[in-house]
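Thanks for making time this morning.

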Amino acid sequence: MKKRIGIIILVVIVMIIAIGIIGKRVGKPKQEGEGKEQFKIVTTFYPMFIITQNLTQGTQNVEVVNMADSNAGCLHDYTLSTTDMKKLEKADVIVQNGLGLENFMDKVLSTYSEIQMIDSSKNITSKIDENGETNTHIWTSISNYILQVEEIANRLSQINPDNEEVYKRNKESYIKRLKKLQVRYQTELTNLKGKKVICLNEAFSYLAKEVGLEIISVETNHEESSLSAEKMKELIEIMKNENIKSILVDKEDNLKSAQTLANETGATIYELQSGLTGSVENNSYLQIMGENLEVLKGI
């Protein structure tokens, strides 16, 4: 009898505990956004990731994933990996630079037809054509970069209206900081207008144009290959005839060709950053372009 009573008491205690737990779960206020599926944004490479990260801070149920490795650099001739394709699974949106830089986009959209695409270059009108092709490195111009920020923010607001106000607020805040830096460029680099330079990396064509530099010759150095002897001779002759004393390079490039040109002409090498790689901090683009400003002051 005592044993049976003990069992009954134990059962009652367990039921009371269970009811208490259920009551807490039922009575717990539902957190904002709880139960909603994640809105997944995939960016193609580093510059697009930094923009999107700035625009999505403080949003609810938004995940931002960068497809290419942050140190992948430019996506010329980029080949999608299995890892890249896996990142695109369950993605709602893919943010690309555009202008043909992401030549793999057809493959992405044919594999994941439900993904919506944001082309950040949609409203870029000041395109530069070199050797019969459009230069895709539009983000090195702060003016173009601001247009990219606006396009991405506006499209995200349309596709993901739950966070529209946050996207708008972040866009305005980020553009305000970008315009502040842009004013510094406009006021502190007035002496560059009309100066002639040799550029050994096409990424800086837009930046040079924005600050008024006249590029006499652009040589792409994506694979860090040295210029041929014939091309080197041609550039040396141009630099001497035009009295060009400035050479622009990416600080990540092989500097061998630039050093040879400098030795033959007495020119100075200016190492800039293309913004293709860097830290994943929100202010990284502002920091990179701020450092470029200081370099350009020396020309």
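Let me start with leucine 296, which, leaving aside its neighbours within four places in sequence, is in contact with Tyr185, Leu189, Leu192, Leu207, Val211, Leu213 and Leu272, where contact means heavy atoms within 4.5 Å. Before I go further, a word on what you are looking at: this is a predicted model, in which local features need pLDDT of at least 70 and side-chain atom pairs count only at pLDDT 80 or more, while totals for chains, interfaces and linings use all residues. Residues are numbered from 1 along each chain as its sequence is written, and side-chain values use heavy atoms, with hydrogens and water left out.

Where does leucine 296 belong? Leu296 is among the residues with the most contacts inside the largest nonpolar core, together with Leu88, Tyr145, Tyr185 and Leu213, and that core has 64 residues. By nonpolar core I mean a set of buried Ala, Val, Leu, Ile, Met, Phe, Trp, Tyr and Cys residues joined through side-chain atoms within 4.5 Å, and buried means under 20% relative accessible area, with exposed over 50% and partly exposed in between, for a 1.4 Å probe and protein chains only. Helix α5, residues 142-159, gives the largest share of this core, 8 residues. Apart from it lies another core, of 15 residues, including Leu227, Ile236, Met239 and Ala267.

Now to the charged side chains, where the structure holds 7 salt bridges, each being a side-chain nitrogen of Lys or Arg within 4 Å of a carboxyl oxygen of Asp or Glu. Glutamate 188 and arginine 184 meet in one of them, at 3.0 Å from N to O, and because these two residues are 4 apart in helix α6 (164-188), about one helical turn separates them. Glutamate 188 is partly exposed at 30% relative accessibility, as is arginine 184 at 31%. Glutamate 294 and lysine 297 form a salt bridge at 3.4 Å, N to O, and salt bridges that share partners join Arg184, Glu188, Glu294 and Lys297 into one network. Elsewhere, lysine 86 is bridged to glutamate 89, with the closest N and O atoms 3.8 Å apart; lysine 86 counts as exposed at 55%, whereas glutamate 89 is partly exposed at 38%.

Let me turn to the strands. An open sheet of 4 strands has the order β8-β7-β9-β10, with parallel pairing, and here two strands pair if DSSP finds at least two bridges between them, helices (H or I, at least four residues) and strands (E, at least two) being DSSP runs numbered from the N terminus. Which strands stand at the edges of this sheet? They are β8 (214-218) and β10 (268-272), each with a single partner strand, so one side of each is left without a neighbour in the sheet. Between β7 (196-199) and β8 there are 4 bridges, and lysine 196 stands opposite glutamate 214 in β8. Helix α8, residues 229-242, packs on the sheet, touching β7, β8 and β9 (246-250), and its direction makes about 170° with that of β7. Helix α9 (256-265) lies across β9 and β10, running at about 170° to β9. For these angles, axes are lines fitted to C-alpha atoms, for helices over the stretch in contact, and values run from 0 to 180 degrees between N-to-C directions.
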